[in-house]
Amino acid sequence: IVRLLEDAVYCERFLAKPHNRSCPSMYDLIETGYDKEDFGYWVRNLKLRATPRQLSRYEFVIDILLMVKEDIYQDPIMARRLLWLRASHYKWTKLAKHFGFHRTTLKNKYERILELLAQKVKKNISFDKLDRIYYRI
């Protein structure tokens with residue numbers, strides 16, 4: 001689960017950001033008005049996109065995070081944030097300041113949440129689906 005969370009956080013960087021299409025950004029204006037012969041010609045950089053494998057893992061992780069409910073932790077939103085922020089490689093001390101706990105207490109809560117979530121995933125999701133999502137796609 002930890003590796004899937006890390007892959008989903010990595011994949012999120014490649015997803016398209018929300019964009020207001022009614023007002024053009026400065027770079028869109030620059031991009032539309034130049035020819036190759038112009039002095040200020042601007043070459044558009046290659047945009048990286050997420051692969052289908054990364055997107056399927058991302059969707060699967062969102063489903064797993066939605067499985068975190070009151071039966072796993074009394075505050076499921078806090079538990080989801082903790083899982084996502086830890087997958088984003090935040091340090092325990094920074095997370096502890098954010099959530100208002102001691103770092104060892106928070107680490108123990110994180111491990112307990114992961115353990116209960118893994119048990120729930122094993123019970124509710126078949127191995128074939130896990131195998132297809134994680135290895136074969």
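This is a predicted model: local features need pLDDT of at least 70, side-chain atom pairs count only at pLDDT 80 or more; totals for chains, interfaces and linings use all residues.

Q: Which residues of α4 are buried?
A: Here is the general idea: an α-helix has 3.6 residues a turn, so residues three or four places apart point the same way. In α4, the buried residues are Pro 76, Met 78, Ala 79, Leu 82, Leu 83, Trp 84 and Ala 87. Their packing partners are α1, α3, α5 and α6.

Q: Is His 89 buried or exposed?
A: The cut-off to keep in mind is that exposed means over 50% relative accessible area. His 89 counts as exposed because its relative accessibility is 58%.

Q: Which residues have the most contacts inside the largest nonpolar core?
A: For a core, ask who is in it and then who supplies it. The largest one here has 34 residues, and Leu 82, Leu 83, Trp 84, Leu 106 and Leu 117 have the most contacts inside it. At least two residues come from each of α1 (2–12), α3 (52–66), α4 (76–87), α5 (92–99) and α6 (103–124). The most come from α6, which gives seven.

Q: What is Leu 106 in contact with, leaving aside neighbours within four places in sequence?
A: Setting those neighbours aside, Leu 106 touches Met 78, Leu 82, Trp 92, Leu 95, Ala 96, Phe 99 and Phe 101.

Q: At what angle do the axes of α5 and α6 cross?
A: For a helix pair, read the axis distance and angle, then the residues that meet. The axes of α5 and α6 come within 9 Å, crossing at roughly 90 degrees. Angles of 65 to 115 degrees count as roughly perpendicular, so α5 is roughly perpendicular to α6. On the α5 side, the contact is made by Trp 92, Thr 93, Leu 95, Ala 96 and Phe 99, and on the α6 side by Arg 103, Leu 106, Lys 107 and Tyr 110. By class, that makes six nonpolar, one polar and two charged residues.

Q: Which residues meet where α3 packs with α4?
A: The axes of α3 and α4 cross at roughly 145 degrees and come within 10 Å. From α3, Tyr 58, Val 61, Leu 65 and Leu 66 meet Arg 80, Leu 83 and Trp 84 of α4. This contact has six nonpolar residues, no polar ones and one charged.

Q: Is Phe 14 buried or exposed?
A: Buried means under 20% relative accessible area. Phe 14, in the loop between α1 and α2 (26–32), counts as buried because its relative accessibility is 15%.

Q: What is Phe 14 in contact with, leaving aside neighbours within four places in sequence?
A: Phe 14 contacts Leu 48, Arg 49, Ala 50 and Gln 54. Phe 14 and Leu 48 are 34 residues apart along the chain, with 6.2 Å between their C-alpha atoms. Gln 54, in helix α3, also contacts Tyr 10 and Cys 11.

Terms used: Residues are numbered from 1 along each chain as its sequence is written. Side-chain values use heavy atoms; hydrogens and water are left out. A nonpolar core is a set of buried Ala, Val, Leu, Ile, Met, Phe, Trp, Tyr and Cys residues joined through side-chain atoms within 4.5 Å. Buried means under 20% relative accessible area, exposed over 50%, partly exposed in between (1.4 Å probe, protein chains only). Helices (H or I, at least four residues) and strands (E, at least two) are DSSP runs, numbered from the N terminus. Contact means heavy atoms within 4.5 Å. Axes are lines fitted to C-alpha atoms, for helices over the stretch in contact, and angles run from 0 to 180 degrees between N-to-C directions. Angles under 35 degrees count as roughly parallel, over 145 as roughly antiparallel, 65 to 115 as roughly perpendicular and the rest as oblique. Ala, Val, Leu, Ile, Met, Phe, Trp, Tyr, Cys and Pro count as nonpolar, Asp, Glu, Lys and Arg as charged, and the others, Gly among them, as polar.
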